[in-house]
Amino acid sequence: MTTWLGLNAGHDDPRTADQTALALYETLLFHAQVVCVHAVEDHHAMSFRLTDDPSENTVSTLIERGYGVAVHNGSLQRLAGPEQLARGALRAALAHRDRKEGRALRFPGQRSLRGRYGVSDILAFSAIDEVLPHGVQSVDARGDLQPRFINGKLVLSL
């Protein structure tokens, strides 16, 4: 079962949201398959694609830290925290679920992308669905590629 966890702390700066999302990924949400940051109204929220629902302990910890939290696994399972932040968390979780919007900070295959790779290898061995502009033959990947969800695809724009 896939679960999308949306978190919102009302970050004004995308770099702060990036740092927070990565810190959560490295500690509390290390089992996330995809980590994204989303523009939500006038700030940035985060989303995490998980293979299971987060534990009650994890959700409680996030709420105690002041996050708006949305847990969605095909239907809304939980919406908690400050109301406005929780609404933004839900928007982030749904955008990730629907692959409409969001910048991926972590995604399957990313760790192996270090060095110069042909576009066909990137498409075959990572979660990236498309590389733009079309016609590019290779990409210098330093492990910091950040594709975006656009119209249902994870797209790397160079």
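Glu41 sits in the loop that joins β2 and β3. In this predicted model, the phi angle of Glu41 is near 55°, a positive value in a residue other than glycine. Glu41 counts as exposed because its relative accessibility is 53%, and the cut-off for exposed is over 50%.

Asn151 belongs to the loop between β10 (148–150) and β11 (153–157). With a relative accessible area of 73%, Asn151 is exposed. Most residues other than glycine have a negative phi, and most peptide bonds are trans. The peptide bond from Leu132 to Pro133 is cis, with omega near 0°. Pro133 is placed in the loop between β8 (130–132) and β9 (138–142).

| Residue | Relative accessibility | Class |
|---|---|---|
| Glu41 | 53% | exposed |
| Asn151 | 73% | exposed |
| Asn73 | 18% | buried |
| His11 | 13% | buried |

Asn73 is a loop residue, located between β4 (68–72) and β5 (76–80). Asn73 is classed as buried because its relative accessibility of 18% falls below the limit of 20%. The side chain of Asn73 forms a polar contact with the side chain of Gln77, at 3.0 Å. When neighbours within four places in sequence are set aside, the contacts of Asn73 are Met1, Thr2, Thr3 and Asp53.

His11 is part of strand β1, which covers residues 3–11. His11 is buried, at a relative accessible area of 13%. Its side chain makes a polar contact with the side chain of Thr20, at 3.3 Å. Beyond the neighbours within four places in sequence, His11 touches Thr16, Ala17, Thr20, His43, His44 and Met46.

Helix α1 spans residues 14–26 and has 13 residues. From first C-alpha to last, α1 reaches 18 Å, close to the 18 Å expected at 1.5 Å a residue. Buried residues in α1 are Ala17, Asp18, Thr20, Ala21, Leu24 and Tyr25. An α-helix has 3.6 residues a turn, so residues three or four places apart point the same way. The buried residues of α1 pack against strands β1, β2 (34–40), β3 (43–50) and β6 (103–106), and against helix α2 (56–64).

Conventions. Residues numbered from 1 in each chain as written. Predicted model: local features only at pLDDT ≥ 70, side-chain atom pairs only at ≥ 80, totals over all residues. Heavy atoms only, no water. Helix = DSSP H or I, 4+ residues; strand = E, 2+ residues; numbered from the N terminus. Buried < 20%, exposed > 50% of the residue type's maximum accessible area, 1.4 Å probe, protein only. Polar contact = N/O pair within 3.5 Å; in protein donor to acceptor, adjacent residues only side chain to side chain. Contact = heavy atoms within 4.5 Å. Expected span 1.5 Å × (residues − 1).
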